[in-house]
Amino acid sequence: MISLEGVSSIRKTHDMLPIHSKPKLWNPSIAPNPPTFKKILPLKISNTWNENKEANESKAGRIKRLVLSNEGRTKLNTFPDREFYAYPRFVTHVDDGFIATLTDLYRERLKPGSEILDLMSSWISHLPNEVVYKRVVGHGLNAQELARNSRMDYFFVKDLNQDQKLEIEDSSFDAVLCTVSVQYLQQPEKAFAEVFRVLRPGGVFIVSFSNRLFYEKAINAWRDGTAYSRVQLVLQYFQCIEGFTQPEVIRELPSAGNSQDDKSPFSWFMKWLGLFSGSDPFYAVIAYKNFKPVYD
């Protein structure tokens, strides 16, 4: 279950949050109908079969290899992320086209009634308004932003670059989302392993991103990369964890007609920073825990 340890700075806000109109600080003691999980034991066929099964299960979710070098994990701004995100930013960091594409993707991949964990989130989750989910739990670095998110039932604040351990029970969620934030993870291997752990079998992890970023807070491997290399980086994050399915990549790139005519070095640099382009490119990398479900 999720613990409030490490989030004492926002614990006092719980009593001030309305019960229905805004998300609540996550507290397992007030969570309605906490999930229970029954373990079905298979018939014992042979000691060898059981030993092999246990060995395979123990590998699931383990980190097979490290993707980033120490240099690749560094940031230009070395101050704690909690300081950088101390003040709320009630803005959208991508354009309307990106958001519409992302919402359509969620509409397609997230079943109604699912339990969802929105990692590294903010005041908007971009979930389709007409779809009802059983529970949406949010995570981020600014309590004010998370408290304004109308789709969240609960939220918690935690710096995943300082501690990747999620105080959540195994197999708690049907889906985990990470929107335009993966570029800030300094320990992505450990973070992705934790996502695998809290997902239910068949659960989906959707990582979306564009070309926009807080340059000084993105890791070196991301800052110095191209669009292609960034997609490959996220693919490797999934592939370094035992048990994720083969990742799927979705790209929606601006058409040539949307590009601006200005070819000057300044214009190119500004577009590269994501500060002035016709529209934002959309990238999503998607994988499932153990298997991809097939629905009617």
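The legends below describe close-up views of a predicted model. Local features require pLDDT of at least 70 and side-chain atom pairs count only at pLDDT 80 or more, whereas totals for chains, interfaces and linings use all residues. Residues are numbered from 1 along each chain as its sequence is written, and side-chain values use heavy atoms, with hydrogens and water left out.

**View 1. Ala-193 in helix α6.** Ala-193 lies in helix α6, which spans residues 188–198; helices (H or I, at least four residues) and strands (E, at least two) are DSSP runs numbered from the N terminus. With a relative accessible area of 14%, Ala-193 is buried (under 20% relative accessible area; exposed is over 50%, partly exposed in between; 1.4 Å probe, protein chains only).

**View 2. The contacts of Ala-193.** Leaving aside residues up to four places away in sequence, Ala-193 touches Gly-61, Ile-63 and Ile-241, where contact means heavy atoms within 4.5 Å. Ile-63 is 130 residues from Ala-193 along the chain, yet their C-alpha atoms are separated by 6.7 Å.

**View 3. The enclosed strand β8.** Strand β8 (residues 282–288) is largely enclosed by the rest of the structure, because seven of its seven residues are buried. On one side these are Phe-282, Ala-284, Ile-286 and Tyr-288, and on the other Tyr-283, Val-285 and Ala-287, so that both faces are covered.

**View 4. The pairing partners of β8.** Strand β6 (residues 199–209) pairs with β8 in the antiparallel sense over six bridges; two strands pair if DSSP finds at least two bridges between them. In this pairing, Phe-205 stands opposite Ala-287. Strand β7 (residues 248–252) also pairs with β8 in the antiparallel sense, over five bridges, and Val-249 stands opposite Val-285.
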